[in-house]
Amino acid sequence: MEPVTYSWVLSAHLIGVILWLGCMIATYWLCRIHTHTPKDARDQLTLMERSLAMVMDLAAAVAIGCGLAMAFVAGGSRGTHPASNLFAAPHAGWFHIKLTVVVLGILSVHGIVRARVARYSRGDMKPMPSWPWTVLLLSIMIVIIMVERGPDIFTPAP
């Protein structure tokens with residue numbers, strides 16, 4: 001991948017991540033207050049939740065698609081071009097940790113939020129649990145640490 005193309009893909013990835021997480025946080029909190037609102041406001045909340053969830057899904061697709069493109073095609077972080085892709089690159093333990101946290105943490109909370117939006121659309125008013133918020137925040141922190149510090153932590157000193 002050319003460096004200019006890589007920059008565009010990275011920009012799209014970051015825009016997707018920011019939109020994804022922003023919409024997920026907003027939808028989560030709308031779901032948290034949904035069961036405590038008067039019945040006449042619930043239809044409006046459902047409409048807002050569904051709209052945000054749709055943007056959340058599209059942003060997740062952009063973030064994941066561009067992230068995989070960078071990992072497979074570019075083969076490294078920040079525009080480097082080693083011979084192998086990032087999945088098989090030596091000293092890429094940070095990337096495997098990041099990917100695991102995204103799949104087990106962020107994507108699982110995405111699924112929980114999406115399922116709750118679908119329940120509320122059907123009229124099932126079971127309250128949103130509070131533990132996905134903790135999982136989401138911890139996952140975001142770990143991903144940020146792995147992206148910023150991980151490559152340095154997992155690279156042996158010369």
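**Salt bridges**

I searched the whole structure for salt bridges, taking a side-chain nitrogen of Lys or Arg within 4 Å of a carboxyl oxygen of Asp or Glu as the criterion, and the search returned 3. The model is predicted, and I kept to its thresholds: local features need pLDDT of at least 70, side-chain atom pairs count only at pLDDT 80 or more, and totals for chains, interfaces and linings use all residues. Residues are numbered from 1 along each chain as its sequence is written, and side-chain values use heavy atoms, with hydrogens and water left out.

I looked up Asp 57 and Arg 114, whose side chains meet in a salt bridge at 2.7 Å, N to O. This pair links distant parts of the chain, with Asp 57 in helix H2 and Arg 114 in helix H3, 57 residues apart. I took helices as DSSP runs (H or I, at least four residues), numbered from the N terminus. For exposure I used relative accessible area: buried is under 20%, exposed is over 50%, and partly exposed lies in between (1.4 Å probe, protein chains only). Asp 57 is partly exposed at 27%, and Arg 114 is partly exposed at 29%.

I then noted the bridge between Asp 124 and Arg 119, where the closest N and O atoms are 3.6 Å apart. Asp 124 is partly exposed at 33%, as is Arg 119 at 25%.

Arg 149 forms a salt bridge with Asp 152, and I recorded 3.5 Å between the closest N and O atoms. Arg 149 counts as partly exposed, with 47% relative accessibility.

**His 34**

Leaving aside neighbours within four places in sequence, I listed Arg 42, Leu 45, Thr 46, Glu 49, Tyr 120 and Met 125 as contacts of His 34, contact meaning heavy atoms within 4.5 Å.

**Nonpolar cores**

I defined a nonpolar core as buried Ala, Val, Leu, Ile, Met, Phe, Trp, Tyr and Cys residues joined through side-chain atoms within 4.5 Å. The largest one has 22 residues, of which Trp 20, Met 24, Met 56, Ile 106, Val 113 and Leu 136 touch the most other members. Helix H1 (3-34), H2, H3 and helix H4 (131-148) each give two or more residues to this core. The largest share, 7 residues, comes from H3.

I noted that Ile 106, not counting residues up to four places away in sequence, touches several residues, among them Trp 20, Met 24, Leu 136 and Val 143. Apart from this core lies another, of 7 residues, including Leu 86 and Phe 95.

**Nonpolar surface patch**

I located a nonpolar surface patch of about 660 Å², made by Ile 64, Leu 68, Phe 72, Val 73, Leu 99, Val 103, Leu 104 and Leu 107. Patches are made of residues with over 30% relative accessible area and no salt bridge; nonpolar side chains (Val, Leu, Ile, Met, Phe, Trp, Tyr) are joined within 5 Å, like charges within 9 Å. Areas come from the Shrake-Rupley method with a 1.4 Å probe, and for residues only the protein chains shown count as cover. Helix H2 (39-74) and helix H3 (93-122) each supply at least two of the patch residues. Leu 107, in helix H3, is partly exposed at 32%.
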